Amino acid sequence: MSAEKKIAVLGIELPEMPITSPLVDHLMVKKSGDLLFVAGVGPCRRGKPSYTGRLVTGMKHEAGYEAAREAAVNALALIRAELGDLDRVGEIVKVTGYVASDDDFYDQHMILNGASHLFKDVFGERGEHVCTAVGVNVLPFNVPVLLDMVVRIKTDGGEEGK
């Protein structure tokens with residue numbers, strides 16, 4: 001099943017995402033050759049953070065997981081905005097996730113599963129990626145999660161870029 005159809009089947013509505021943000025002075029997504037770099041994508045709705053705060057020891061992971069999933073939905077919206085169609089994604093290569101957390105919170109990788117699971121649900125094997133989870137003290141706009149990604153774009157012939 002195509003990624004675009006899978007998004008519909010999953011009931012996900014991708015928001016309109018500007019490739020540039022009025023809140024920062026850099027691009028959110030940039031194409032270089034057959035690679036697409038997506039940077040600093042957090043859980044936001046209508047230009048405002050939808051989740052805020054840090055993950056703390058003893059806190060249930062559900063809110064952090066959902067924040068990472070929402071950040072992934074926004075990343076998919078940026079990818080679609082740049083490529084015009086999610087079916088042009090050859091594969092998700094790498095995800096680096098930054099998780100705002102207390103010094104004694106050690107489950108950043110579990111939080112990022114919210115994004116990783118979504119990418120696999122949408123793209124199947126093409127959504128499998130390497131992932132680095134980094135705990136940080138704070139993140140911009142007090143969001144709990146930011147994602148950076150590297151995506152390989154399919155070439156015009158439909159083959160994955162080499």
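Predicted model: local features only at pLDDT ≥ 70, side-chain atom pairs only at ≥ 80, totals over all residues.
Me: How many disulfides does a search of the whole structure find?
Reply: Seen from Cys131, the closest cysteine sulfur is that of Cys44, again too far away for a bond at 19 Å. The search covers the whole structure, and its count of disulfides is 0.

Me: Are Cys44 and Cys131 buried, partly exposed or exposed?
Reply: Cys44 has a relative accessible area of 29%, and Cys131 has one of 37%. Buried would require under 20% and exposed over 50%. Both values fall in between, so Cys44 and Cys131 are partly exposed.

Me: How many salt bridges are counted?
Reply: Side chains of opposite charge can pair when their charged atoms come close. The cut-off used is 4 Å between a side-chain nitrogen of Lys or Arg and a carboxyl oxygen of Asp or Glu. By this rule the number of salt bridges is 6.

Me: How many residues apart in the chain are Glu4 and Arg80?
Reply: Glu4 and Arg80 form a salt bridge, with their closest N and O atoms 2.4 Å apart. Glu4 belongs to helix H1 (residues 3-9) and Arg80 to helix H2 (residues 62-83), so the pair links distant parts of the chain. Relative accessibility is 21% for Glu4 and 28% for Arg80, and both count as partly exposed.

Me: Which strands are tied together by Arg152 and Glu91?
Reply: The side chains of Arg152 and Glu91 meet in a salt bridge, 3.2 Å from N to O. They lie 61 residues apart in sequence, so the pair ties together separate parts: strand S7 (residues 145-153) and strand S5 (residues 89-100).

Me: Which residues are linked in a network of salt bridges?
Reply: Arg152 and Glu91 are already paired in a salt bridge. The network also takes in an Asp. Its members are Asp34, Glu91 and Arg152.

Me: What is the N to O distance between Glu128 and Lys120?
Reply: Glu128 counts as partly exposed at 42% relative accessibility, and Lys120 is partly exposed with 42% as well. Their side chains meet in a salt bridge at 3.1 Å.

Me: Which strands are the edge strands of the open sheet?
Reply: The sheet has 5 strands in the order S1-S2-S7-S5-S6, with mixed pairing. An edge strand pairs on one side only, and this holds for strand S1 (29-32) and strand S6 (130-136).

Me: Which residue in S6 is the bridge partner of Ala100?
Reply: S5 and S6 run in the parallel sense and pair over 7 bridges. In S6, the partner of Ala100 is Val136.

Me: Which residue just after H2 takes a positive phi?
Reply: H2 has 22 residues and reaches 31 Å between its first and last C-alpha, close to the 32 Å expected. Just after H2, phi is about 85 degrees at Gly84.

Methods: Residues numbered from 1 in each chain as written. Heavy atoms only, no water. Helix = DSSP H or I, 4+ residues; strand = E, 2+ residues; numbered from the N terminus. Buried < 20%, exposed > 50% of the residue type's maximum accessible area, 1.4 Å probe, protein only. Disulfide = S-S within 2.5 Å. Pairing = 2+ DSSP bridges. Expected span 1.5 Å × (residues − 1).
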